[in-house]
Amino acid sequence: MRQKAMFAMLALAMVLLVRNLYTISMLPDEVNQGQIFRIIFFHLPAAIAAMLGSAVALVASVLFLVKKNFQYDALAVAVTEVGLAFLAVNLVTGSIWARVIWGVWWAWDPRLTSALICWILYAGYLILRQALEEPTQRATFAAVYSIFAFTDVPIVYFSIRWWRTIHPQPVFFSKGGSFPPDWSRALLVNLVAIFLLYTVLTMIRLRQEQTQREIDYLRRTVHAT
Amino acid sequence: MRFIRQVMVITAKDLRAEMRTKEAINASFAFALVVLLILSFAFEPTEDTTREISGGLLWIVFLFAGTLILNRSFARELPNDCLDALIAAPVPGAALFLGKGLANFVLILAVEIVALPVFGIFYNVRWARQFWALMLVLVLGTWGLTAIGTVFGALTVNIRLREVMLPLLVYPVLIPILLGAMKLSTELVAGQPISGDLLVWLKLLVGFDIIFTALSLVLMDTVLLG
């Protein structure tokens, strides 16, 4: 049942993404940016997905510390790992856009810097997990670290408003946005598709974690007898 | 009252142990000197260049030197199972955190205050023009480093690659604090008072100090017993 739902979601995500690729390619070029503006249809959903992922990771980490249920630990790893991939998509697409519009691959702007910090923070989470062998200790310490790491996420979100930045101001979900309705629709479809993809990948990763725990358990039982 | 006494006992114990061996503080200060020396090769230390990057330069030195002290803080408790005794003692995790944190704070601050004039001499900078404001930034920045460093020191004490893992985890989490401390220090060393735009950085520094301290106080028990 769960597997079927997973495949259905994956298929839906793929159909939406492919169909939307056509819609996006048919949109007229943006006046100032030309072709390259289309990257926002992937850049923004990836960022939102990664940010929601970090929030889920925080909740899962806190729940693990409170309830000591390893399901939450598995969810925290799964969501963090997939989120890291999506944040990488966000950074890479942003970098490509910057090369065309700004003429440089990277600028040390608050928004860019704080996104990179987040990436490094959550990479640190995975490295910490790798260094710890005892499962309970690994889950507990990783959860504590995840809570500390999350304190940087609001900075990423607000940096664009707090500090003077060269990153474009938000065009979506904010007043004064200049996005025409059919562009917003295309963006929304992509957002849904990427969320679905995120969920499917997290579910796959979650199953791997559960299988891993089962294998560990069986191995310990064999050694005990 | 009882809580404060517990904190003071742990702080005094750590400081006494350090004063008798001087292992961490000597190494830390020597390391600060070496880093100051190496950094002088990185650029031509003329007055203008130094003024532009003095904050960053100072905090890199403080960060590296501080890490040595933080690494020793919990590692010192490993021989003879002292750490287990500390955890078993009828002292809450928060008191242990504050006690160890205060001791680390005093030691790191001491290294920083000795390193500052050395920096002034080597790089030919009159750094003390905004002395008290600079001390305030030093205290706030160092407390942030100490709070995160103490919790993560407890977190990494049993890991194989402890000496590498601590900075790897501490530095990225500490970035908001470092950013504020570096910006403020650069301006203060150049003789500018804290006003206008700089106040935002001071608020950031205070804000993150409060967040990190609160989180540490709550989570220390979990780290020690987990």
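Trainee: What makes the reach of helix α5 (residues 135–150) of chain A close to the one expected at 1.5 Å a residue?

Mentor: In this predicted model, α5 of chain A has 16 residues, and the distance from its first C-alpha to its last is 22 Å, close to the 22 Å expected. The expected span is 1.5 Å times one less than the number of residues.

Trainee: What is the secondary structure of chain A as a whole?

Mentor: Chain A comes to seven helices and zero strands, and its C-alpha atoms fill a box of roughly 70 × 40 × 30 Å along the principal axes. Of the contacts in chain A with a separation of 6 or more, 76% are between residues 24 or more positions apart.

Trainee: Why is B:L116 called buried?

Mentor: A residue is buried if 20 or more other C-beta atoms lie within 10 Å of its own, and B:L116 has 21 C-beta neighbours inside 10 Å, so it counts as buried. B:L116 has its place in helix α5 (residues 93–122) of chain B.

Trainee: Which residues of α4 and α5 of chain A are buried?

Mentor: In α5 of chain A the buried residues include A:F141, A:V144, A:Y145 and A:F148, while in α4 of chain A they include A:R111, A:L121, A:Y125 and A:L128. Over chain A, buried residues make up 32% of the 225 residues.

Trainee: Where does A:Y145 stand in the largest nonpolar core?

Mentor: That core has 120 residues, and A:Y145 is among those with the most contacts inside it, together with A:A76, B:I148 and B:V151. The largest share of the core, 14 residues, comes from helix α7 (residues 162–189) of chain B. Leaving aside neighbours within four places in sequence, A:Y145 is in contact with A:Y125, A:L128, B:L155 and B:L169.

Trainee: How many residues of chain A are in contact with chain B, and which helix gives the most?

Mentor: There are 21 residues of chain A in contact with 17 residues of chain B. On the side of chain A that touches chain B, α4 (110–131) and α5 each supply at least two residues, and α5 of chain A gives the most, with nine. The residues of that side divide into 15 nonpolar, five polar and one charged.

Trainee: Why are α5 of chain A and α8 of chain B called roughly antiparallel?

Mentor: Two packed helices are described by the angle between their axes and the distance between the axes. Here α5 of chain A and helix α8 (residues 197–225) of chain B pack at an angle of about 170°, with their axes 10 Å apart. Angles over 145 degrees count as roughly antiparallel, and α5 of chain A and α8 of chain B are therefore roughly antiparallel to each other.

Trainee: Which residues meet where α5 of chain A packs against α8 of chain B?

Mentor: From α5 of chain A come A:T140, A:F141, A:V144, A:I147 and A:F148, which meet B:L215, B:L219, B:T222 and B:V223 in α8 of chain B. The residues of this contact divide into seven nonpolar, two polar and no charged.

Definitions and conventions. Residues numbered from 1 in each chain as written. Chains lettered and ligands numbered in written order. Predicted model: local features only at pLDDT ≥ 70, side-chain atom pairs only at ≥ 80, totals over all residues. Core = buried A, V, L, I, M, F, W, Y, C linked by C-beta atoms within 7 Å. Buried ≥ 20, exposed ≤ 12 C-beta atoms within 10 Å, placed from the backbone. Helix = DSSP H or I, 4+ residues; strand = E, 2+ residues; numbered from the N terminus. Contact = placed C-beta atoms within 7 Å. Nonpolar A, V, L, I, M, F, W, Y, C, P; charged D, E, K, R; others polar. Axes fitted to C-alpha atoms, helices over the stretch in contact; angles between N-to-C directions. Parallel < 35°, antiparallel > 145°, perpendicular 65-115°, else oblique.
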